Each structure stands twice: as structure tokens, then as C-alpha cells.
Amino acid sequence: MAGASMGLQVPSLNVCARKRCRLFWVSLVVLLLASSTRVAFSDSKYLVGLGSYDITGPAADVNMMGYAMMEQTTSGVHFRLRARSFIVAEPGKNRVVFVNLDACMASQIVTIKVLERLKARYGELYTEKNVAISGIHTHAGPAGYLQYVVYIVTSLGFVRQSFDALVDGIEQSIIQAHENLRPGSIYVNNGEVIDAGINRSPSAYLNNPTEERSKYKYDVDKEMTLIKFVDDEWGPIGSFNWFATHGTSMSNTNSLISGDNKGAAARFMEDWFEQNNSADKPSFVSAFCQSNCGDVSPNVLGAFCKDTGLPCDFNHSTCGGKNELCVARGPGSYPDEFESTRVIGERQFRRAVELFNNATEELTGQIDYRHTYLDFSQLEVMVPKQGGGGTEAVKTCPAAMGFAFAAGTIDGSGAFDFKQGDDKASGNAFWKMVGGMLKAPNEEQIACQQPKPILLDTGEMTLPYQWAPSVLPIQILRVGQLVILSVPGEFTTMAGRRLRDAVKQVLTNDKNEKLHVVIAGLTNTYSQYITTFEEYEIQRYEGASTLYGPHTLSAYIQEFQKLAGALVRDQTVEPGPQPPDMLSKQISMLTPVLMDTTPLGTNFGDCSTDVPMNATYKRGSMVSVVFWSACPRNDLMTEGTFALVEILQGTDTWVPAYDDDDFCLRFIWSRPAKLSSRSHATIEWRIPQSATPGVYRIRHFGAAKALLGSVRHFTGSSSAFVVA
């Protein structure tokens, strides 16, 4: 831990009660070292290993990734972010790695650097071919870790701390999973999750063919696919599942780092397992992975106008012509985003527990994978001719973003006079002029992207370096009956259905073979949205954010079918053009931490607002303590904590009970003015109904920076109080 190396004993998450200790059976590692994959074991056909590591990143001053709101910057922790990994291997044969990030999306440059580290450590064991890195799409994590300009404008460029936290955490989680490889089995189960998502662009969905829509009961995918990992000796050790709903339960006004509903569900399930199983078992790892969530909102009550309370306009999601007034509501008491996050997370968690407990179908068969890079800016695609009668060749386009992109969605609106469903070729004259000043699209690009009116011609903007990706990875991982389609973006509901069906048809060759085909969204890199051709015509937010033109989905289907065919025929695949490594070109304008101070007569860690003397609280009530603090960027407290609740055992022994990885405990950082060197840490503890009655105290840990650059760690403590 970062704090421990500086001489201060900062409590690690590893010692906290009810925590996922993250340290995996070190005494057993010798059984399965890197090269010893030919271990003989009984009936199991696979080696299975799981890992988990902290990727929380900078909890102050850094723009949050997702909503692209410059004023939305981190200022504390709702709960910590993690990278969770599984490795499945056939002894002496193939293996695959899947990493699920509590992050908005995967990043090409993060993936490149993780793979470089894995190659240095393991040689050719783990490469871009068999490693998938996927994001859950929380909009409440630090930004600045992608390499293309358009994704780091609002974060004032590249943020090294965000990037390093991800690369380090992913690497460590894979190392853990590798060292934990042991004989085991995998089971799969499927079931519907009700009331965890609605279609946020129903007018676009309705433009899909009636015959196609009639095949489905819902306008969003409600199926969750879960795999259960069972160690031959220890029994159940973890689960990963895929289910489509956006990570936007936390709004664009939130400033606390949070894994949103999927991160919350993962914590609920890990805590549930540890509370119901003996402490001498390995730590349970549970991941709630993202799927084709492009048009799926977790704000299930729908979109309403802030001024009138009436439903928003159906076609444009506006109120009196203004998109800013149209806001979707989650299931919590509006506008309580924390409660909505809990409810949507809990709905996924409870269904996952049912699927976990009743999983009986065992995965059997070979492990295999295929991967290639494609230049989506000029990909030739064969599509059916309009009106029938054979096929014709069309092309994808250089990336471009339409006017409706700037309108945002019901989960987070844009500004000015943009609106969804803006398919006018002229667009707004003023904003067309602004986009043209950066790069005016030529006639060929305008025609290629039709009917999208181009706001930003990002695929042809190269100053100071590339604004948007053109080379993208696609990948298939297969473990027996489970097939994972790694896609570098957000597929809408119907786009995902078409892709899954197309790949399944190739893999089964119309046989009755039972396959579980899942889409892993936002994987390996990020390229925004993928809609159907029909949804693209409507030009709501998702269509305007489908970068490579109206035939983007057809390109994906065509190329994934090629990958699937190569998998079936056991053929190799050309690697394709390599994506750029632009790490050396990155620019950062984030102001560094200069120094931290406290008022005369006070020290870092002193309480500025303590609990009342001899206070007694009931379960369900809130305890709040304010400390003099310092900028959290001085030490990210990786695998540690900024906040801790301790319970008194005996007369003088304080034992950790809750920390800032718990849903009930919030670490909130603030300064009186933007350039002030003084700051406060407010720690709020909503006492759980399950809390043990007793004497408690709240502690704060941090690191302060002196004017000359040295960093000194500190700790503070509240007075003791009683929970009755």
C-alpha cells in the first residue's frame, strides 16, 4: 500500500471486517506457477483463477469520464473501483483472460501498456488475442486515461494518475488470477432481470422493422448470463455475469467516485458470499459486466420535465424545445441518486444470486479465441440492396459525430439548442460554423455519413494528434458453450441482437447446439455507439454517436462472422493494422497539487466538526464528522482507505468495521475555494441495520504536501460514540 511505505500504518482493505481480502492462498501458488499448466488433476477439464485489485484513482480535481461535463470533477469516494479478472486454461493448451473494470470503458492505450507488461512477465502466454479488458460504463470514475483527443477534452488532457491506476490495477488483478490457477469447474445460467433498464431512445427502436421487433417481448434485453466458478477443493470462488444497463444511476451532478449500479451489485454479492460462508475460504470475486447497453437506461421511471413534471417529448426528449429540462428518474426517491444506484444494483445482485445458486449446466469443451484489428474508416461491406435483389458494396466512413451527440440523453442532457432526432442536413448554422473551424467535412464525408449532419469531423482531425480512433479490435473468446464477443463500443439493444444471432448462426451452422453468446461492451478500446441502420436514420444521440456511418453495424456483423468462421474451421486470422501508441504525445493541463495547509493552531487530521460528546445513534441514522484534510491526489490510498469506522472490542482494542469501499460510508473532500490550499474531509456513515451495537469511532487517513514537495501522511479520529 502507498501509505505503508511512508512509515504510517494506514489500514488496508485486507484487514477490514466483511471485506474482500484480495490476498489469494499464497501458500498454494507453488502448485501452479507460470509454466506449470500441465498439472494432473481429477475430473476437471479447466484451470480457473480469479483476481481483484483497486483501480480507484485520483479522488480530487479530476474530471469524471462519461457525461463530458467539465464542471463534474472528483471530490471524494462513494465506494472504491476495482479490476476483477478471471483466467480459464486447458492444461497445456489454450487459455483466456477476461478483465472487468469499474471504469467507464476500456482504453486502447491502457490495453497496449497492460499487454506490454504481460509480455515482459509471461512472454507470449497473454496477448491481445486472448486477453479482453472491458468496462462497466460507470460515469462516476476519473477521466483522462484514453489517448484520443475527443475523449480527454473535458479532463484538460491526459491524467497520468488515472492511467497508472488502471494499468497497475489491471496488471495486478491478472497476476493474482494467474497465480491462483487451480483445477476447477465452470457453470452457466441465464435468467431475466426485471425493472433494471428501459429503452431511452424508443422512437429510434421503433424504426426497426415491425417483423423484427415482433420477435422480442421487450425493447431492451433483460437476460442476464452468469458463469459460476467452482474450485475443486474450495468450492465456489466467484462469478461473472453480463447484463445490459447503463452506468448512469449516478447523475452528472455527482462528484464522488462510484462504480454505479454494477459496481454496487458486485460489492453486494461479494459481501453476501462472505457473510454466508466460512472465513477460511479464498476471497470471493464477483463481476457484473456490461453488454449491449447503448440505448438502455437504469432510470426506469422514465423521463420527465423538471419544470412541469410532465413526460418529455417522445421523439426529441425535450421540454418546450429544451433538452436540459428533460431528466430521467431512477427508482429511488427522486432525486436521490444514491438510493437509485442501490436499488438497480440490488435488482441485479438478487437475480445473480438466484442464477448462481441454481447453476447446473457445466461448461465443457475447448477453449479458443480469435482477434483482429480493422480500419473502420474505410471498411468495405456487402449489404442487401435497397428494395431487394442481391447485394452491393458500401463503405464505412471516417469517424464523425452528429449534432444530436451534443444534445446528450435523458440520463445526462447536453446544452445550448441541440436536440436528439436532429437529422437536418444543414444542422444549426452557428454550431456548423464552430465545427467547421476545427475541420470542415468534405462532400464525400458528408455523403458517407448521411443522414447524419456532422458537428465534429473527428476522424479527419489530427491536431495536436488523432481525435478519434480508426483502427479497432474485435475479438471472440470461447470456453465450451460460452462465447464472448468483445466489442469496442456501445451496441444498442437491436444492434446487439443482430450481432449475437449472426455469430451464433456461423458457430452452430444451424444445428441445435446450445451456445450462450454474450456481448462484452466497451472492451479493449472505445469508439462510442453502434446502432442499426434504421436507428441511425432517426439520429437520436446513439445514432449521432455511431462514428463510422450508417453501415457500422453491418461491418461488425460481417467481420465477426469471419472471425467465427475462422474459429469453426480452426484457421488463423490476419492480425490487421496496429492501432497507434500515442502515449508520448499526450498533453496534460491539470494543475498539480502545490501545497496543503491548515489554519494556525490546527493539524492535519484534527476534527473541525466532531460528534457530540457521549452521543448515541440508532441504526439507520447518519453520523457525520469533518476533518482538516489535504488533497487526495497526494496518495490515492490504493488498496487502502481514506475513511474508516472502527468498533471497540474490550477496553482498548479498536477493530475495523467499515471503510470507503463500503456502500454505507462516504468520503467527501472539499476546499473553500478552487485555489485554496486548505481542505476538509467530511466522512458520512449511514449506520446499517446490520451494524453490531457498541462503541464506535470514525477515522480519516490522508497525505499532505509541503511547499517544497515532500509528502507527509497523517491520521485523525473522532470522539467515540455509541450505536444502540
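These notes cover a sheet, the salt bridges, the aromatic pairs and a surface patch.

1. Basis. This is a predicted model, in which local features need pLDDT of at least 70, side-chain atom pairs count only at pLDDT 80 or more, and totals for chains, interfaces and linings use all residues. Residues are numbered from 1 along each chain as its sequence is written, and side-chain values use heavy atoms, with hydrogens and water left out.

2. The sheet. Seven strands form an open sheet in the order β7-β2-β3-β34-β35-β31-β29, with antiparallel pairing. Its edge strands are β7 (141-142) and β29 (607-609), and each pairs on one side only. Strands are DSSP runs of E, at least two residues long; helices are runs of H or I, at least four; both are numbered from the N terminus. Two strands pair if DSSP finds at least two bridges between them. Strands β31 (residues 622-629) and β35 (residues 679-686) pair in the antiparallel sense over eight bridges. V626 has T682 in β35 as its bridge partner.

3. The structure holds 38 salt bridges (a side-chain nitrogen of Lys or Arg within 4 Å of a carboxyl oxygen of Asp or Glu). E639 bridges to R82, with the closest N and O atoms 2.6 Å apart. This pair links distant parts of the chain: E639 is in the loop between β31 and β32 (643-649), R82 is in strand β4, and 557 residues separate them. Both E639 and R82 are buried (buried is under 20% relative accessible area, exposed over 50%, partly exposed in between; 1.4 Å probe, protein chains only).

4. R84 forms a salt bridge with E270, at 2.9 Å between the closest N and O atoms. R84 lies in strand β4 and E270 in helix α5 (residues 260-275), 186 residues apart. R84 counts as buried at 0% relative accessibility, and E270 also counts as buried, at 0%. Salt bridges link R84, D102, R267, E270 and D661 in a network.

5. R182 and E233 meet in a salt bridge at 2.8 Å, N to O. R182 is in strand β8 (residues 182-192), and E233 is in the loop between β10 (223-231) and β11 (235-242). R182 is buried, with a relative accessible area of 7%. E233 counts as exposed at 55%.

6. Aromatic pairs. The count comes to 30. Rings of Phe, Tyr and Trp (its six-membered ring) pair if their centres lie within 6.5 Å; planes under 30 degrees apart are stacked, over 60 edge-to-face, the rest tilted. F86 and F98 are stacked, because their ring centres are 5.8 Å apart and their planes at 20°. F86 lies in strand β4 (residues 82-89) and F98 in strand β5 (residues 95-101). F86 and F98 are buried. F403 and F418 are tilted, with centres 6.1 Å apart and planes at 55°. F403 is buried at 1% relative accessible area, and F418 counts as buried at 5%. F86, F98, F229, F240 and W242 form one aromatic cluster.

7. Charges over rings. K228 has its charged end over the ring of F356, 4.5 Å from the centre. R329 lies over the face of Y334, 4.8 Å from the ring centre. The rule asks for NZ of Lys or CZ of Arg within 6 Å of the ring centre and within 35 degrees of the ring normal.

8. Partly exposed L156. L156 lies in the loop between β7 and α2 (160-179). L156 counts as partly exposed, at 32% relative accessibility.
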